[in-house]
Amino acid sequence: MISVHLILFLAFGAVALAGAVNLLAQTHPINSALSLIAVMAALAGEYLLLGAEFVAAVQVIVYAGAIMVLFVFVIMLLNAGIEDRTKGSRVAVLFGIPGMLLGSLLVAWVLLRHSGTEAVAVGALPGAPKTIGMLLFHEFLLPFEITSILILIAIMGAVVLASKPPTAPPVEKVSD
Amino acid sequence: MPIWLYILTSVIKSAIVLGVLLTAVAYTVWLERKVVGHMQNRWGPTRVGPFGLLQPAADGLKFLFKEDLTPPHVYKPLFLAAPLIAVIFALTSIAVIPFGNSITIGGYSIPLQITDVNTGLLLILGVTSIGVYGVALAGWSSNNKYSLLGGLRASAQMVSYEISLGLSLVGVLIMSGSFSLRDIVNAQAGHFWGFIPRWNIFHGQIIGFFCYLMAAYAETNRIPFDLPEAETELVAGYHTEYSAMKFAMFFMAEYANMITVACLATLLFLGGWHGPLFGPAILQAILPVFWFGVKIFAFLFLYIWVRGTLPRFRYDQLMAFGWKFLLPLSLMNLVATAIAVAW
Amino acid sequence: MVPLSYYLVLSGILFACGVAGFLIKRNIITIFMSIELMLNGVNLSFVAFAAHWHALAGQVFVFFVMVVAAAEAAVGLAIIIAVYRTRETLNVDQVNLLKL
Amino acid sequence: MTSSLNLWLIPVLPLAGAAINGFLGKKSSRTAVSTIGLVFSGAAFAWALLVAWRFSSVALPYQEYVAHWIRSGNFSADFALYLDQLSLVMLLVVTGVGFLIHIYSIGYMWDDPSYYRFFSYLNLFMFFMLTLVLANNYLLMFIGWEGVGLASYLLIGFWFSKDSAASAGKKAFIVNRIGDFGFLIGLFLLIQHFHSLNFTQVFNQVQPLAPETSGAGLLTTIGILLMVGACGKSAQIPLYVWLPDAMEGPTPVSALIHAATMVTAGVYMVARSHVIFERAPGALMVVAIIGTLTALFAATIGITQTDIKKVLAYSTVSQLGYMFMACGVGAFSAGIFHLMTHAFFKGLLFLAAGSVIHAVGGEQDMRKMGGLRSYIPWTFLTMGIATLAISGIPPFAGFWSKDEILWKAYSSEHGGLVFWLIGVITAFITSFYMFRLLFMTFFGDYHGAKVDEHGHGRHSHDAHGHGEPHESPMVMLVPLMILALLSVIGGLVGIGDRFDHFLAPVFGSGAAEAAGEAASSTTEYLLMAVSVTVAGLGFILAYILYVSKPYLPQKIADSLGGFYDTVLNKYYVDELYARLFVKPLIDASTRILWQGIDRKVIDDSVNDAADGARHVSDEVRHMQSGNLRSYAGWIAAGSAVMIAYMIWLGVGR
């Protein structure tokens with residue numbers, strides 16, 4: 001039976017897949033970045049279908065609205081052009097892509113074969129911000145705090161790495 | 001309510017809201033020119049129509065008939081997509097803005113809102129955060145160093161101020177306990193001591209309002225934070241290379257964003273459509289929408305007033321202000337609110 | 001009603017696309033984006049499992065993944081900028097000093 | 001337990017002082033450092049006084065549980081404190097004398113650049129010493145025991161830039177390790193047989209055992225091992241050699257650690273373990289013999305020494321010997337009594353010696369002093385009192401305690417005439433060398449150079465070194481006077497066996513001995529008269545030799561020839577140890593451990609491993625292409641294998 005839910009799933013999934021493939025196919029990083037944004041938006045739609053509205057919103061705000069902006073920003077800043085065609089690793093092309101396809105097919109086969117008809121209902125689990133907040137600040141408080149430290153360290157690391165390297169102190173000339 | 005009626009009302013509401021919004025955008029431009037003109041001891045538009053009231057229509061026609069120039073060496077797909085992105089996301093967020101309570105027609109209660117999403121505020125935040133791409137991509141795809149600088153500035157500025165913006169809203173969220181804009185407005189009904197309205201701005205969120213104001217000005221790239229366009233240094237920033245309708249789209253996007261921000265400020269801090277109700281039933285039904293409009297108008301006037309008054313920041317000042325002043329301030333506001341509510 | 005496995009298959013394919021991009025792209029920024037793609041694939045399966053097992057913890061995990069992704073993006077892009085400053089290229093094939 | 005005494009505060013307060021001074025002292029002013037040091041040690045003393053005042057209101061022995069420490073199987077040791085009459089005496093001595101010496105140190109160390117470090121160490125020492133004294137189990141006691149060793153090491157080597165100080169510190173540490181080794185084995189034996197180190201538990205199990213009459217039973221073995229530990233800490237034969245060298249430390253340290261408190265830890269430990277020793281006559285005999293021999297032996301060396309602090313050091317060794325003799329004959333309370341009075345007068349002697357050294361600008365050689373009586377009258381007065389006290393002249397403190405020991409040595413069932421005789425001879429020698437010290441220092445003419453050009457650089461006293469000897473500041477004199485007062489009256493608590501009775505609940509034996517006391521009091525008075533006479537003889541001999549006929553000593557020394565040289569060189573014990581133990585050890589270490597094991601086995605295996613790694617990596621490094629994407633490919637391939645394996649597992653199931 002084809003339900004609205006399934007149609008929406010397929011539509012978003014198609015967008016996501018198209019975006020993912022486009023990410024690989026495009027040679028210009030900015031196009032790849034935009035395809036990735038499309039993937040993320042489509043995934044946000046999937047999250048909505050799964051009843052995770054808060055995750056969907058955060059997916060858009062954080063992933064699409066902040067992280068990807070950072071990517072686009074860096075691409076613009078470095079004025080990254082079209083990818084160079086250098087001699088690549090032939091191993092990757094010869095074994096990597098077929099291997100990946102084979103692997104994903106295998107995974108798909110196993111999953112489809114084994115988890116058959118168990119279905120996920122729409123909105124079965126309302127991801128209300130309140131409940132998630134409760135979970136996050138009670139059960140997962142320690143991981144939460146640890147990730148906050150992680151992100152603090154990341155901020156400092158980014159500042160240190162991206163700031164202009166200090167000019168080396170002038171070497172004193174030894175008169176001979 | 002049968003499904004066809006639901007769809008019908010939704011379509012009608014969308015059409016009305018979109019029409020009103022676009023008109024409002026057009027007349028905000030007129031208003032701005034007029035007000036700034038008077039502030040600078042000139043008249044502003046006077047020629048087209050009485051008080052220049054038809055000026056927006058004339059401008060629109062002009063944009064439509066101008067040559068749509070696409071310079072060489074631009075990255076065409078994105079050059080075309082950027083204004084669309086800007087205007088589409090600017091207009092989208094209006095969909096969840098409630099502009100009044102429900103009205104009852106023929107036994108059916110129709111909420112004055114295109115759609116009531118229970119995470120409406122998040123949706124607006126998400127949509128505005130996507131809106132950055134319009135400006136950034138326009139700047140980059142123009143293949144022009146001024147535009148690129150404008151785009152870079154815009155993306156850095158908007159990402160930076162989005163944090164303060166979000167944090168300044170969290171205080172309100174804590175007080176109302178909901179993401180639904182309707183609930184937030186309803187939480188502000190009533191009065192203190194019988195005469196002070198129970199709006200969030202009078203309810204301890206004055207600092208939050210201040211932070212929101214600053215961050216919103218920066219988000220909409222308005223003076224004093226209009227560095228992405230900064231005509232004196234960057235010619236016109238990200239839309240240097242744009243002309244005709246594509247330029248008009250950026251223009252529309254900017255003013256639509258202003259209106260969205262004004263709506264949000266009204267809903268979150270100024271009590272939404274709450275105001276004195278009196279008179280017959282029909283008046284009582286219309287008055288909330290009127291109050292809502294008045295508050296938005298006041299906020300837009302503030303926008304224009306600031307534009308006519310303040311000079312532009314330097315870029316480093318802008319970043320320092322955002323990160324070193326506004327962010328800590330909104331954080332403190334958040335903590336203080338949380339403590340007060342937990343009390 | 002959509003079976004759980006559909007979501008998982010979609011997530012797996014996205015992940016595989018990410019791995020493929022990780023392997024075949026030369027631009028270091030695109031490689032980074034491929035990693036983000038992998039993370040997104042994983043997130044999808046987290047959310048799907050959360051819905052399937054009625055356990056919100058899955059959604060909470062997504063937030064942690066996002067935080068890690070954000071941290072990674074911040075540091076990674078800073079590294080990219082630093083590399084670009086010294087090597088003036090974004091092609092990973094030309095950043096190959098670390099060898100015999 | 002009716003009410004809590006909060007005993008834990010007493011050790012923790014100095015620890016806090018040590019921490020504050022240690023971490024913040026470098027940046028603080030001297031005033032701040034001394035305030036911190038004084039306040040915290042003073043507070044500990046005040047609290048100890050408070051505890052003493054409330055002493056009668058608690059059930060004894062009072063135990064205070066502070067925290068978990070070790071719980072392993074059926075063995076447990078906690079941070080828990082124990083207070084009875086014995087630890088109270090020790091507590092008051094340690095905090096009281098310690099506080100006085102803190103005050104004194106302000107004056108003595110004022111010019112030292114590492115002022116804060118000194119006070120930090122001193123407070124740290126107080127902490128460990130109080131832990132030792134207050135512990136309710138052997139393990140915590142051992143922590144304190146090692147801790148005071150550490151503090152002692154740090155303070156002996158306080159002027160570590162001086163070679164001799166650094167090596168003296170090392171020597172003290174290493175010699176103490178030998179003793180600790182015995183102590184530890186004793187503790188292991190206790191754990192093995194009594195499954196506990198808690199005092200109460202161990203002693204309750206030992207109590208019902210019968211005394212081991214013959215041979216070396218378990219208790220005798222434990223007792224002797226504990227005595228080995230005590231020998232190390234309390235500088236008894238054969239492990240006394242570190243104490244004279246420890247005089248390299250600042251003089252207040254010598255007074256506090258190496259005279260008044262730490263070195264008596266061994267006596268305290270033996271007294272604390274009296275339940276074990278009383279049931280091991282063999283071990284008691286060993287204690288008595290070691291104590292007696294040490295007393296005599298060290299006293300004879302004391303005669304010939306010319307360094308003022310060395311004389312006092314050997315005197316300390318000798319007096320500690322007395323205490324062990326007392327313990328050895330079963331008169332533990334007499335030993336503790338002497339411990340207390342000795343803390344007063346020997347602390348005083350050292351402080352006064354410090355004052356003398358201070359006065360003459362860092363000179364320690366008595367031959368370069370003389371006639372200081374008029375320059376530093378207060379120091380002379382207090383030092384004179386201390387000398388009278390240590391020589392056993394009534395009614396000063398030393399007389400009462402020393403007489404008690406001698407009497408017990410004679411009358412106790414474990415004692416005998418020999419112990420008494422050697423004790424009396426030692427008393428004579430003690431009196432002689434102490435008055436010799438006094439006369440050489442304070443009488444006759446001043447032999448010191450007006451401008452001394454050597455020997456005191458480390459004291460940073462150069463500013464004082466020029467010109468006349470001068471009296472010390474008040475901050476140094478006041479502790480001297482207080483200690484002098486205590487040296488005069490401190491012995492009075494022992495009159496009529498009051499001290500004995502006070503400690504009787506701990507040692508138990510007091511009442512029984514008191515019964516036999518009255519019958520033989522005539523003998524006691526006789527013996528008392530003998531020892532006083534002997535002390536007087538010592539005084540007279542010293543007066544003749546060093547005041548009226550100062551040319552005689554050299555003549556006597558010359559006529560004695562070889563014997564005098566032997567004594568002067570401390571019986572060549574250091575040289576003997578060096579020949580017997582140190583050199584073989586160094587040789588063995590060099591040949592076997594260094595050149596054999598370290599070079600051939602360890603270095604070579606490491607080098608071979610490195611060479612092997614290099615050869616292997618020479619081959620493997622070609623995999624490191626520098627191509628990032630090939631690395632990525634390897635990662636992906638590896639994870640693909642892992643995933644395939646996991647899928648296989650899943651399908652197989």
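How are α1(B) and α9(B) oriented to each other, roughly parallel or roughly perpendicular? The first legend takes this up. The model shown is predicted.

**Figure 1. The crossing of α1(B) and α9(B).** Helix α1 of chain B spans residues 3–39, and helix α9 of chain B spans residues 244–269. Their axes come within 9 Å and cross at roughly 100°. Angles of 65 to 115 degrees count as roughly perpendicular. The two helices, α1(B) and α9(B), are therefore roughly perpendicular to each other. On the α1(B) side, the contact is made by L21(B), A24(B), V25(B), T28(B) and V29(B). On the α9(B) side, M252(B), Y255(B), A256(B), M258(B) and I259(B) take part. By class, nine residues of this contact are nonpolar, one is polar and none is charged.

**Figure 2. Chain B as a whole.** Chain B holds eleven helices and four strands. Of its 343 residues, 46% are buried. Among contacts in chain B between residues at least 6 apart in sequence, 75% join residues at least 24 apart. The mean pLDDT of chain B is 82, and 98% of the residues score at least 70. Within chain B, confidence is lowest in helix α8 (residues 231–234), with a mean of 68. Confidence is highest in helix α11 of chain B (residues 315–342), at 87.

**Figure 3. N41(B), a positive phi in a loop.** N41(B) sits in the loop between α1 and α2 (55–65) of chain B. Its phi is positive, about 60°, although N41(B) is not a glycine. Most residues other than glycine have a negative phi. Is N41(B) buried or exposed? N41(B) has 6 other C-beta atoms within 10 Å. The limit for an exposed residue is 12 or fewer, so N41(B) is exposed.

**Figure 4. H195(D), a positive phi in chain D.** H195(D) is placed in the loop between α6 (163–194) and α7 (199–206) of chain D. Its phi is near 55°, a positive value in a residue other than glycine. Around H195(D), 15 other C-beta atoms lie within 10 Å. Buried residues need 20 or more and exposed ones 12 or fewer, so H195(D) is partly exposed.

**Figure 5. Two cis peptide bonds in chain D.** Most peptide bonds are trans. The bond from I237(D) to P238(D) is cis, with omega near 5°. P238(D) lies in the loop between α8 (218–233) and α9 (242–245) of chain D. The bond from P394(D) to P395(D) is also cis, with omega near 5°. P395(D) is found in the loop between α16 (377–391) and α17 (397–411) of chain D.

**Figure 6. The largest nonpolar core.** This core has 209 residues. Which residues have the most contacts inside it? They are F125(D) and V287(D). Helix α15 of chain D (residues 332–359) gives the most to this core, with 18 residues. F125(D) touches V148(D), A151(D), L155(D) and I257(D), leaving aside residues up to four places away in sequence.

Figure 7. Chain C contains three helices and one strand. From the N terminus on, its elements run β-α-α-α. Buried residues make up 67% of the 100 residues in chain C. Of the contacts in chain C with a separation of 6 or more, 49% link residues 24 or more positions apart. Across the interface, 60 residues of chain C are in contact with 73 residues of chain A. On the chain C side, the elements giving two or more residues are β1 (2–3), α1 (4–24), α2 (28–53) and α3 (57–87). Which element gives the most? It is α3(C), with 21 residues. By class, this side of chain C has 47 nonpolar, ten polar and three charged residues.

**Figure 8. Chain D against chain C.** Here eleven residues of chain D are in contact with eleven residues of chain C. The chain D side divides into three nonpolar, six polar and two charged residues.

Conventions:
Residues are numbered from 1 along each chain as its sequence is written. Chains are lettered from A and ligands numbered from 1 in the order in which they are written. This is a predicted model: local features need pLDDT of at least 70, side-chain atom pairs count only at pLDDT 80 or more; totals for chains, interfaces and linings use all residues. A nonpolar core is a set of buried Ala, Val, Leu, Ile, Met, Phe, Trp, Tyr and Cys residues joined through C-beta atoms within 7 Å. Two residues are in contact if their C-beta atoms, placed from the backbone, lie within 7 Å. Ala, Val, Leu, Ile, Met, Phe, Trp, Tyr, Cys and Pro count as nonpolar, Asp, Glu, Lys and Arg as charged, and the others, Gly among them, as polar. pLDDT is the predictor's confidence in each residue, from 0 to 100. Axes are lines fitted to C-alpha atoms, for helices over the stretch in contact, and angles run from 0 to 180 degrees between N-to-C directions. Angles under 35 degrees count as roughly parallel, over 145 as roughly antiparallel, 65 to 115 as roughly perpendicular and the rest as oblique.
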